[in-house]
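The entries follow in the order I looked things up.

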Amino acid sequence: MNAIIFSAGWGIIMMFCSFLVKNQSSYRHIAAVGLLVLLAANIFDTYGVDFFHIDSGKMLAYTRFGFVFNSIAIASTLIYVLLTGRDIERLGRYTAEFFTLVFFVLCGVCLLSAYNNLLMLFLGIEILTIPLYILTGSDKRNLKSNEAALKYFLMGSFSTGLMLMGIALMYGGTGTFLLESSRLQSNLYHGISFLEIVGLLFLLASMCFKVSAAPFHFWTPDVYDGAPSVVTSFMATIVKVAGFIAFLKLCTVRMSVTSTAIDWKLIFSIIIILTLLFGNITAIFQQSVKRMLAYSSISQAGFMLFALFSMNEYASKGLLMYSVAYCLATIGLFAVLVKMKDVTFEGYNGLAKTQPVLAATNAIFLFSLAGIPLTAGFLAKYYMLASIIKTGTYTWVVVAGVLFAAISVYYYFRVIQAMYFKNGEPQMESFGRSFKLGLVVLAAIIIIVGAFPQALFNWLYF
Amino acid sequence: MNSFVYLLDTVVTGNSADYVPIGIQIIFAAGFVATVMIATHLLGPKRKTAEKLENFASGIESHGNARQPLAIKYFLVAILFVLFDVEVIFFYPYAVNFKSLGWYGFIEVLLFVCFFLTGFIYIIKKGALKWED
Amino acid sequence: MIALLLILIPVIGGLINLFIKNESSAKAFSLIVSLIVLAVALGGIYTSQADLLHFDISWMPDLGSRITLELDGLSKILSLLTAVSMPVILIAVYKDHYPDAGKFFGLMLLCQAGMLGVFLSMDALLFYFFWELALIPAYFICSIWGGEKRIQVTFKFFVYTFVGSLLMLVAIIFVYFHTPDHSFALKSFYNAHLTAAQTQWMFWLFFIALAIKMPVFPFHTWQPDTYEQSPTAFTMVLSGVMVKMGLFGVIRWLLPMFPQAASSNSSIIVTLTVIGMLYASLIAIKQDDMKRLIAYSSIAHVGLMCAALFAKQQAGIEGVFIQMFNHGINIIGLWIVVDVIEKQLGTRKFSELGGLAQKAPTLAILFVVMCLANVALPLTNAFVGEFLMFSGLFNYSPVMAGTAIICIILAAAYTLNMIRKVFYGNTVASTEHAHDSSFNVNAALVVLVILVIVFGFYPQPMIDLTRETVQLFITKIS
């Protein structure tokens, strides 16, 4: 409860800051302080110190897994704000509002990691996405940004409608909004309602839309490309992973119960292959690094879908690992990307000569995304592959996934080739020493987690 | 009266066979619409003249481009009105349950009003309701 | 402890070296580090305390993976090869100029650490880690300091091996879930319970990864291009040591894990390798480029080793163990000479060379010795190994052995042809003003020649070193 209330509260504080505090550059400091407070509150909650005892009537169910994920999301946001805070200021006059919306998104994330009621799922998804519609269009004078916001809004509201329809059908089928309840247990003996299956299919479609899994991914490239890079960075990482956490809960609780009536594994395996196929093949042909990262986020979503396929303990641990690896690496890549004046591959030519620290950290982020050992990305992919192999079925999905991972090396390494092996004079915005330090710290976290994953997982148990 | 008794007599089985009538109805409805649309398309006389293809706007000749910038103020005020109007609706269920909810409910509604108020202060401070610049 | 030092010293040395700006101090530092590694490796071979050779510490308890390093006969001989070859290479290229020398030599040391890690690790996940990590420095070295088409060629090499190793990763995870105690330890992997069909699948997933690395026909297409395009100092590492990673994987992991599958598939694999040998030898004859010729000859030699392994005859396996070392030594010697010629005269083409023996007699003598070792003339080191391998292969299938022997004849043909065209005959325009090799090159070559001759006359120490491991290996796979 701490995190939900603190994030909403600090959002309102940020809102008031917009006219109480005149100095533009102090907003990001206030936001950073807020995130620290939020992180501390969440960690208190993890160890049983809840400041607000509010009875949610089983609507929310707190788990250690959810708390750890909240901490990861909040910490990633903190890193994001620290690294790209200056660039957010350049976006326009409404810096404080930007941070307000970020806090509201985090509130949605915290709801999604703890929901136990389909209405809470709906509420969380809405709180998560409505600020994003605004953030996507926050570059008001840019036509592409406007286009992206409108597209996102239309498609997003359509998928929300689908979700509501699914929830209604599930209510019709089971007579409850709760994910886990005694009523549902007894359903096992009375057969599974047809309505519930249809409802779950609707929910599946709309959740696939939210996490940009094929064949519901078509909005992703345009929106990620059109939105300002700082927003894309946030949207493609923390928001997307939160969607997966919500999706995983839906799968492990409801879909696993109904698996006798419908073969979810088959459906998921098709979605996985399609997502990997679309994401990877189209990413190869991109000329802009930003667009490449948009498509790569689709292909990474394909790997995260492995967790939903297998629904075992490897899946949940793997998703945590994936959220760390994927969020941090992508935030780092975008932090450098927003400093680049030319975001095509050619724009990166010769970066290693002029900015060795940026190039080296970027290379580590790309290694992590490609899944090279000794980075967190490798262990994330490892857990995902292992989770499917552990189920003992559909091993061909793993082999296909591995081949797609090899394809992904092609476009990730194109950036490395540009930075290290080609000559050029990359044009960049100015940045300070602290920016470099932040990137180095980020890269160090990725390597430490990659070499000693226990540091992360101990948190789940102690 | 008899028909109501008949409704009560139906056995609730909950298997998918029960949905067959609904399915038939959906197919029939879609088929009817499609048939009528195709039929009118085929049967109806077709006369295409330049006047007929023009936009019809209450008999007044259309002129100029519809996509002209207009003042956002009115739109903004309207949307804010809708927002606060909808939120006020929450008071109706509270009014009905005023007694049973007691002090705890009162405090919760007070909190709700406070949040409400912060939003209101925010839009006033931001100058959203200022009509003239 | 020695096992750990063998990896840690080059890692730390390499990382420090990355930041050394001055070229000569970078060279000196890396040479010192590589000499220390050599000393530690020799210490590992001659020490009598068994506990020094073993290192074991908990790493990822969640996954059941430990950092387990051990020096047994097989890893001793391969880490000796890695440790010997690095200082020899560094001495040979000591006077060459490299832009960003600190980074170049630092990456070389990191690559050495990765290879040593592969040879020493007794834990499947750790093995996979090092297997991949050895590749990353290789990728950067070849792409930055390589020839004209370096970026595409190196990328092809990288993607090839990466696909292979990912397939191997799938197999590793699969076997892991079927180990009795859910651990990545070598022993548990040997005792995994798999059905016959699963064994077949896993065998092929593993084999493709190793076959790409060796490389075995038809997975060899990356190799000649990469050897040609990468800087020669690194080609020595690639062909001398890195291809042994594939053979090592077969010996340490593939054959003991899936002995049945290996037996049932051995005819396919031996046939493939023999075809590859013949094919590579025939192509080598037509080459006009020294680098490509040696690259193809290397495919033929490694193919023979692979065939002898899958033939599963004791003599053949003994031969492979010592030939892995000898092949490394010989091919590094050949590359050194190629490098000298290319750096001095600016060409590697036979058609533009000739009569070099008149101008560079020392180089010619040393080169001839290395070439004779390459064709496995008696009294050179390679003879013992190849003899044993052929006798093993002959027991397995006389037809295959007969076909493979043609390759030996072809090898003599193309190698001697190369000597004749490059070093004898009349001098041509490019070799008119050639001079003899410098002292450091001669020193490096002399070290190699001494090894060639010593082990040619007296291969017993090497056979002793590996005897125990060979016996264990043979009992495991039969």
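What percentage of the 133 residues of chain B count as buried? I find 0%. My cut-offs: a residue is buried if 20 or more other C-beta atoms lie within 10 Å of its own, exposed if 12 or fewer, and partly exposed in between, with C-beta atoms placed from the backbone.

**Ground rules.** This is a predicted model, so I note that local features need pLDDT of at least 70 and side-chain atom pairs pLDDT 80 or more, while totals for chains, interfaces and linings use all residues. Residues are numbered from 1 along each chain as its sequence is written, chains are lettered from A and ligands numbered from 1 in the order in which they are written.

**Chain B.** I counted 5 helices and 0 strands in chain B. Its elements run α-α-α-α-α from the N terminus on. Helices here are DSSP runs of H or I with at least four residues, strands are E runs of at least two, and both are numbered from the N terminus.

**Who touches whom.** I call two residues in contact if their C-beta atoms, placed from the backbone, lie within 7 Å. Of the 2 pairs of chains that touch, chains A and C have the most contacts. Chain B and chain C share no contact. Their closest C-alpha atoms are 41 Å apart.

**Chain A side facing chain C.** I see 22 residues of chain A in contact with 22 residues of chain C. Three elements of chain A give two or more residues to this side: α16 (376-391), α17 (395-421) and α19 (454-461). The largest share, 12 residues, is from α17(A). By class, this side of chain A has 19 nonpolar, 2 polar and 1 charged. For the classes, Ala, Val, Leu, Ile, Met, Phe, Trp, Tyr, Cys and Pro count as nonpolar, Asp, Glu, Lys and Arg as charged, and the others, Gly among them, as polar.

**α17(A) on α7(C).** Next I checked the packing of α17(A) against helix α7 (residues 150-177) of chain C. The angle is about 150° and the axes are 10 Å apart. Axes are lines fitted to C-alpha atoms, for helices over the stretch in contact, and angles run from 0 to 180 degrees between N-to-C directions. The two helices are therefore roughly antiparallel. Angles over 145 degrees count as roughly antiparallel, under 35 as roughly parallel, 65 to 115 as roughly perpendicular and the rest as oblique. The crossing is right-handed. The contact divides into 18 nonpolar, 1 polar and no charged residues.

**A helix pair inside chain A.** How far apart are the axes of helix α13 (residues 313-337) and helix α18 (residues 433-451) of chain A? I get 10 Å, at an angle of about 155°. That makes α13(A) roughly antiparallel to α18(A). Here the crossing is left-handed. Among the contact residues are Leu328(A) and Gly332(A) of α13(A), and Leu442(A) and Ile446(A) of α18(A).

**A loop residue.** Val257(A) sits in the loop between α10 (229-255) and α11 (264-284) of chain A. Buried or partly exposed? Val257(A) counts as partly exposed because 18 C-beta neighbours lie inside 10 Å. Its C-alpha atom is 8.9 Å from that of Ile192(A), 65 residues apart along the chain.

Strand β1 (residues 54-60) of chain C pairs with β2(C) in the antiparallel sense over 6 bridges. I count strands as paired if DSSP finds at least two bridges between them. His54(C) stands opposite Glu70(C), and Ser58(C) opposite Arg66(C). The hairpin has 4 residues between the strands, and Gly64(C) takes a positive phi near 80°. Strand β2 (residues 65-70) is mostly covered, with 5 of its 6 residues buried.

Key: Left-handed = near helix turned anticlockwise from the far one by under 90°.
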